[in-house]
Amino acid sequence: MISKLILGLAMGLLLSGQAYSQAVRDLAKVEGALSVSTNITGFQDVIDQVEDKSVQHTAGLRVVVVYEQPTDCPVNAGQAVATNLETFYTTITTTTDVLVTKVPDNCLNDACELQVETVQVTTTFTTFADSAATGLSKENVDLGSGRSNSGDNRAKNSGSANSGLTGGSLPENSDTGKSTPGKASSGDSRSESSSVRGSGSKGSDSQVLSGEKKDQASNQNNGKGSSHREESGGIVVAGNLAVNIVASLGFASTKTIFTDAATSSVEYESMPTPVSMTQANPLYTLVPVSGPDAIVVHEWSFSASATAGMEFRGISGSIATGEAELVNSAPGVNGSTNTLVAESAQPIPKSVVFQSQAMCVSADDLFAPISDTDPSLFFGKEDTHPFVILPGVSKDLPFQTNNFYTNLFTGNQDKAAYVWPYIVKWEKESKFGLSVQYTNPSRRTFGGETSSGGNKFYFNAINVPGVSIGADSIKQGQNYMTVSQMKLMSVNVKISPEASQAENYIEFPLVEGMGVVTSIYHGLLFARIEGNGGISNFTEIEYESKDTLKKLYRIVVGTGETWLVLVKIPESHSSFELKEGDDKTFLIGSEPVNGLIVQVALAPSEEEEESQALYYKIAGQHVTDAKVSGSMDCGTARYKIAYETANSSDTPLIFALDHHLRLFDGEMEKRAANIKMESTTKGMMYGYLTKELLFSHGVDTNVQWLPYLKNKKTDLEYSMEQIELIREAATEELRNVSVIEVMMNEDTQYFTGKVVDKYAYMMYALHDIVKDDKLAELLLAALKEFFKAYKAHGMKTNLFYDTKLGGVTSSALKDIKADFRNGFYSGHNIHYGYIIHAAALVGYVDSLKGGTWAQENKDFINMLVRDVANPSEEDKYFPVSRTFDWFHGHSWTGSLVVVDDGKDFSSSSEDVHFSYAMKMWGKVIKDASMEARGDLMLSIQTESLDLYFLYRDGNLVVPSTIASNKVAGILFENKIDYTTFFGDSPEEKHGVQMIPMTPALGLVRSSEFAEQEWNQILHNVQTDERTEKWRGVLNANRVFFDPAAAWEYFTNPAFDLNRDMDGGQSKAWALAFTAPFVNAANGGVN
């Protein structure tokens, strides 16, 4: 039975029996078209047989995927039916001289010169013959031995390696015509005697499969189900494809090849029919299960559209990919195999094309829990982290170590928290309570000069509050703060004159994007609102439709700013009011009111009466939390940031950032409030009256394994010379290198991750692009050994589960700066992103070999994903989304360190790399929610980084003197500083935004930006001995706009691996990424 006719032309590779079996295991590899199942038992007999064969030359012929038994073929009404051919078998012995290319076993330590020798291959096998085609029958064939009883009528070994048969001819008593040595003599008489009919399940007319009707017959199947009839020839045929193959290729001439034309695997060919038509593997047919494009082979599914996963160019003739086309193009339909012989000798093609296809990923719940596995299964549990949890800081939830409010529970707790658009701070000196400040651009400080003529940095004044919210009893010595309910986008703060906070306290729900700062008074406290520098003007604003339980005051403070004070009064205290204090520096409540709500907001101008009235309308309405939720429907994301309010009927004021506007659902336009406020470092914020920020937009799902650049072709063409250069580069990089020792010798999570991911990418390039399974297998084995040691805590610096704060973190805790502050939760997205991505590549390649490594290690790798990007509050072991801020659209790197300017973000590309790593790991383990969530994060990062970090010409979000630097450097919540934490040279400041080079980076960094950055900043950079390795990073980035220059850099004969590229780069991967874009720029391989 034949499951799919595959047309492909081989690259002329020489594969060992082991490589053949790997080709079979690699069957399902086309990106975006395959769903790989672990159920591959139907291929086991194929694998077992080919592993016993000697090295053979792939000649570039056609054909089949096979089943071991008829029962292996899926049988389901209306889908596919398997019927055994009535077959007879004969034994053939063939001897063939074959050129064999071998890679030395000690390849990594020697020069890896390929050895070429001639090997004589002798193969004896039992092969298929049918009664109609050969004249054999039960009367003249010994079914037990598989030999013809007529003695000399056995097939003779008279073929050559280039013949259609490669040994063997039809028995002399066949009525198909006189046999020709070395060729299958299946002339017109053979086809006529077959006289087999096949009919489509939709009632199409049957066609006689004879030579003169070949065009009609070969197009018969058309992807429809087949019915089966027994004809006079004595053969039960399961579908037209099977008949066509038998008619086309003839007795004992079937060859099997699995090529990238349909499966993106390495080339495979059986020398003459040792597998596909043997007695252990009779031919069966499998018809499409859902329309003309769908084929299922033991749950390994692919479609006709997916057969474009790889094609060969530079040869005569066209490569057909649709099923009907493939049947039509099969040679020798009239019984002659001359065409087959001619095609088997075609020259090696000059190029090969891979196609990265977009994946249609859907998930009903983008934020479904990953797992509830206890980390103690993999990591030791310890409560010994040196971080001191201060009095009043709750342990009710895993700590949000990288969130906007970290300053409120670290150090002296007196540094600013950036709530966007407001800044709040616990006042403990001259003022007491919580101060509120907004960003006034006139108070910005700019400094430093850059080569572009701009400023090196700017920051906002952060100790110039507008107002402070407190109580008359909260003062020096009676000023206590608690921090609790530390969630993804919110925190609850309470300030009280009592340490116990049992009865009298002010509650401050702080939520990102909140339109007003809200205080709720509990107990018997007299509200006190203090103006910075006093209050020079105090006015109550009244409206005709006055609500007796609402009050709106307009005050001018000493800094010249005008603020609104909104008051919502419980019904039992309708006479409450705020009045000026004796010295007119503060406002005081007329009485203590339990449940009183006082809110402050920057006032619009007096001319903006509509906006001022809006504030009066929302007085008392406030948000307490925000959660993100959503779904993905085949590349369209629909999600929201939903704000929880004190009363379900509330419609609060929420401020949105610029990148939100790019991604908003159209519904949001109706909710715009015509109120704007300046942010600290991200331009203007825009007010909306809404309980939800709604988003709906497309997601670019072209980001898969293969190289990708946005708006560039996804058909990636490589010349044979380029593929060889990639292989040579990998060999050079691996020469005299103990890969496992290199990976094990690093003593930080960051550098360990970089080097592991480097070798994983080399493995991928060798396996998928170069098709050097030998070297790829060596790297795969080394990577598996590394992960075994990493999982078993066999590294110089290991991880542990921190029960105090809730996270998997580094054991290097004696010095806060050790291990790049990983132990104090700095940069987990960056550090673990490399490891997770390497694991994804290992799992992917291993799965193509029939392995289960990803499933065996899923819970362990998921632990790292959960530490960084746990999507659900149901996971009690980790905070939700430790690093990625769903409001800001990127991660915050900063850790449990007090910083005046708030959290920081310093490596945009490595943040992107984590999102990509998570996406691809989700793909490998078949977690659709994780994969889709990674896609969504990449989509959001594309917009946020374009506005806030990577400055294209014309950027209006940041000051022009900063935008001229082209990159932010370090983006703090309150400052932009054009530098890095490790150096201040241009190559470092820009290069760190370019690593690693991945398909995801090709999505997020635009070619327009990369070219502007090069022409305006980087084209004349002069590196020194300290920074010379950054040249490799900068030149790899030129692929975005000048791929020829990038290619030239890495192929320059003077290129030095140790000098001219970063330690985390691979020359092989750099070439693999660059080559197809060079060819595309040149109009293809010439």
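Q: In this predicted model, where does Pro421 lie?
A: Pro421 sits in the loop that runs between β14 (417-418) and β15 (423-427).

Q: Which residue does a cis peptide bond join to Pro421, and what is omega about there?
A: As a general idea, most peptide bonds are trans. In this structure, a cis peptide bond joins Trp420 and Pro421, with omega about 10°. A cis peptide bond also joins Ile995 and Pro996, where omega is about -15°, and Pro996 lies in the loop between α21 (986-991) and α22 (999-1004).

Q: How should I read phi, and what is it about for Lys771?
A: Most residues other than glycine have a negative phi. Lys771 is not a glycine, yet its phi is positive, about 65°, and its place is the loop between α13 (749-770) and α14 (773-791). Tyr825, which is not a glycine either, has a positive phi of about 70° and belongs to the loop between β39 (807-810) and α15 (828-848).

Q: Is Tyr825 buried or exposed?
A: A residue is called buried when its relative accessible area is under 20%. Tyr825 counts as buried because its relative accessibility is 0%, and Lys771, at 6%, counts as buried too.

Q: What separates the C-alpha atoms of Leu587 and Ile529?
A: Although these two residues are 58 residues apart along the chain, their C-alpha atoms are separated by 4.9 Å. Leu587 belongs to strand β29 (residues 586-589), is buried at 0% relative accessible area, and touches residues including Ile529, Ile535 and Phe538.

Methods. Residues are numbered from 1 along each chain as its sequence is written. This is a predicted model: local features need pLDDT of at least 70, side-chain atom pairs count only at pLDDT 80 or more; totals for chains, interfaces and linings use all residues. Side-chain values use heavy atoms; hydrogens and water are left out. Helices (H or I, at least four residues) and strands (E, at least two) are DSSP runs, numbered from the N terminus. Buried means under 20% relative accessible area, exposed over 50%, partly exposed in between (1.4 Å probe, protein chains only). Contact means heavy atoms within 4.5 Å. Lists of a residue's contacts leave out its neighbours within four places in sequence.
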